[in-house]
Amino acid sequence: MMSISTVQSQTIMTSNLQHTSNTNPHSSHFSKSHHIIPNHRKNIITLLHQNHNNLKHIQSLHAKAIKTSTLSDPFVLFQILRLYCKLSSIDNATKLFHCTHNPNVYLYTSLIDGYVSYGLYGEAFNLYTQMANDAVLPDNYAVTSVLKACVLRRALGTGREVHGQVLKYGFGLDRSIALKLVELYGKCGELEEARKVFDKMPERDCVASTVMMGLYFDYGMVEDGAREFGRIDSRDAVCWTAVIDGLVRNGELNKGLEMFREMQVKGVKPNEVTFVCVLSACSQLGALELGRWIHMYMRKCDVKVNRFVAGALMNMYSRCGDIDEAQVLFNEVKVKDVSTYNSMIVGLALHGRSIAAIELFREMLKERHRPNSITFVGVLNACSHGGLVELGYEIFQSMETVHGIEPQVEHYGCMVDILGRVGMLEEAYNFIGRMRVHPDDKMLCALLSACKNHRNPVIGEKVAKLLSECCRLDSGSYIMLSNFYASIGRWNYAAQVRENMEIGGILKEPGCSSIEVNSVLHEFFAGDVRHPERKRIYKKLEELNYLTKLKGYSPATEVALHDIADKQKERALAVHGERLAISYGLISTEPYTTLRVVKNLRICDDCHAMIKLIAKITSRKIVVRDRNRFHHFENGDCSCKDYW
């Protein structure tokens, strides 16, 4: 790619006056346009407008324009080139451009814009440079187009050169250019420069402020983003959607939902993207009742349920524990694409409906939808949850041999999980050694958990060594490593891991369980005493402890992985957040209704055993979503078949 030099900028400035007449597409600077027969010109222009979506017709009209000499008319030439670009016929547009004598700024701009739309950013930069070499003065549309290419390519250096030229041309205060410069600097991590350009804009309207606000959220600067939102006087639906999206993306789910409520109070009608953002918050929170209300509100707002919205709804229902409703929605979507199938396959796998997920995958292939990377993560997870080793191997191998998709670390991780689940620990360890990618901490944690479940300390210690050598470990990986050593009685190793965690400044993520009752989310940490109904909650918990012990429950103190006495371990286990959430659900909902609990960490073995008994004693279905999957407890059994 050629650079855009200062010398070229000066050439353009000195040639400004002589090319002023060439900046209009009607200018007669190509060749003898006065010989064009008016009827031919009018006829071609009319036909171009009538056939603007048909490439073959445009090509035919192009040939006719050459034959009748109408192509020498600047406006006809501009229209044909513009339509080629619009129809993504970049080759035809390029050939036409290069056959043109002394192209003006409109032709340059059209082709630059076409290159950008087609993703040919390098070609767009080169053409802009050629424009400078040919001493054609760009207008604000040309500058905006090339800056758009800089944003998409993250070409900060080229963008700075264009910015320098813009200041020389006197375009600096043009709104569209300033907006692109703000976006360019922001997307390239230069927030201070983005802010400087933004502050110099004479009119910082809602659109400009929304762009600046979005950049803050992109870099996790939630307070700055919220502050920018507070400065905007007139907020449209796009602005409200941007702040909701920014908050949700940064984990401020409840704040995002609060903004959605405020948006309604202000009388601003949400659009499809707004609902997708809000449904994402509901999905992550497990707020099923609120998600259902939003679904009904969408109908009231006459929101068209396209594939994009349908996917968000299916994801919400499946991640909030109602996979049957997600299935109903899937069946209602008339025109399905790969993302529609992916949403349903992933949802079915999460809920342990392995056979249904695999059958849907086969239906997808039968309907000639091409699977992608996400599809295979979903279907391999289904094989893992169903213990389907041979089928998992078959599908994994078909990724490359049949579908031409190279497996990534997440696909290898699924295979390790499949082998670990059924106790093929040595095979799983050897599989890691043969991989074409380095194992990540999630994969090793899954295998280490399998070693703990299958009581294989030999393979477990090998995996633990690999895990400890990983460059980046999050709090969950450290805890898994510590828990493994504690489970085999190596308390000094467990203590060392926790000490390393503290030295690294990594804080343990506190376990939190939530339950939605009457559209209100109630959160519980271990031993929580903040809830207004705490006395009734703990009374119900004592009752459950007594009843479950009568049914044979015995606290699995070995899972309380601290070097303390068994009585202390038993007390620690008894007040885990999921037990408090379930106790609250039992005292605050009608008998026999389903309880749905969301836990941010993996559910422990002891709680899993106890919840099975609680579901049987109370004749309730209890659905728990932990970090890895869903557990459907009913009649003393769990959908995971005691492996997770």
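This note goes through a predicted model point by point, from the chain as a whole to single residues.

1. Basis. The model is predicted, so local features need pLDDT of at least 70 and side-chain atom pairs count only at pLDDT 80 or more, while totals for chains, interfaces and linings use all residues. Residues are numbered from 1 along each chain as its sequence is written, and side-chain values use heavy atoms, with hydrogens and water left out.

2. The chain overall. The chain holds 34 helices and six strands. Helices (H or I, at least four residues) and strands (E, at least two) are DSSP runs, numbered from the N terminus. The C-alpha trace spans about 105 × 55 × 50 Å along its principal axes. Of the 644 residues, 50% are buried; buried means under 20% relative accessible area, exposed over 50%, and partly exposed in between (1.4 Å probe, protein chains only). Among contacts between residues at least 6 apart in sequence, 65% join residues at least 24 apart, a contact being heavy atoms within 4.5 Å.

3. Aromatic pairs. The whole structure contains 15 aromatic pairs. Rings of Phe, Tyr and Trp (its six-membered ring) pair if their centres lie within 6.5 Å; planes under 30 degrees apart count as stacked, over 60 as edge-to-face and the rest as tilted. One of the pairs is Phe 260 with Phe 275, edge-to-face at 6.1 Å centre to centre, with 70 degrees between the planes. Phe 260 belongs to helix α16 (residues 253-265) and Phe 275 to helix α17 (residues 272-285), so this pair ties together parts 15 residues apart in sequence. Phe 260 is buried at 3% relative accessibility, and Phe 275 is buried at 0%.

4. Another edge-to-face pair. Phe 361 and Phe 376 pair edge-to-face, with 5.7 Å between centres and 70 degrees between the planes. Phe 361 is in helix α22 (residues 354-366) and Phe 376 in helix α23 (residues 373-386), so here too the linked parts are 15 residues apart in sequence. Relative accessibility is 5% for Phe 361, which counts as buried, and 0% for Phe 376, which also counts as buried.

5. A cluster and two charges over rings. Phe 260, Phe 275, Trp 293 and Tyr 297 are linked by ring pairs into a cluster. Elsewhere, Arg 204 lies over the face of Phe 198, 5.6 Å from the ring centre, and Arg 235 lies over the face of Trp 240 at 5.5 Å. A charge sits over a ring if NZ of Lys or CZ of Arg is within 6 Å of the ring centre and within 35 degrees of the ring normal.

6. Helices α26 and α27. Helix α26 (residues 425-434) packs on helix α27 (residues 441-453) at an angle of about 160 degrees, with the axes 10 Å apart. Axes are lines fitted to C-alpha atoms, for helices over the stretch in contact, and angles run from 0 to 180 degrees between N-to-C directions. The angle makes α26 roughly antiparallel to α27; angles under 35 degrees count as roughly parallel, over 145 as roughly antiparallel, 65 to 115 as roughly perpendicular and the rest as oblique. The crossing of α26 and α27 is left-handed, that is, the near helix is turned anticlockwise from the far one by less than a right angle (right-handed if clockwise). On the α26 side the contact includes Leu 425 and Tyr 429, and on the α27 side Leu 444 and Leu 447 are among the residues involved.

7. Helices α26 and α28. Helix α28 (residues 457-468) packs with α26 at about 25 degrees, axes 10 Å apart, and the two are therefore roughly parallel. This crossing is left-handed. Leu 425, Glu 426 and Tyr 429 of α26 make the contact with Ile 459, Lys 462, Val 463 and Leu 466 of α28.

8. Ser 318 and its helix. Ser 318 is in helix α19 (residues 307-319) and is buried, with a relative accessible area of 1%. Leaving aside residues up to four places away in sequence, Ser 318 touches Ile 323, Ala 326, Gly 347, His 351 and Phe 630. The axes of α19 and helix α21 (residues 338-350) come within 9 Å and cross at roughly 5 degrees; the two helices are therefore roughly parallel. Ser 318 and Met 314 are among the α19 residues at this contact, and Gly 347 is one of those from α21.

9. Gly 404. Gly 404 sits in the loop between α24 (389-401) and α25 (409-421). Gly 404 is exposed, with a relative accessible area of 57%. Gly 404 and Cys 604 are 200 residues apart in sequence and 39 Å apart in space, C-alpha to C-alpha.
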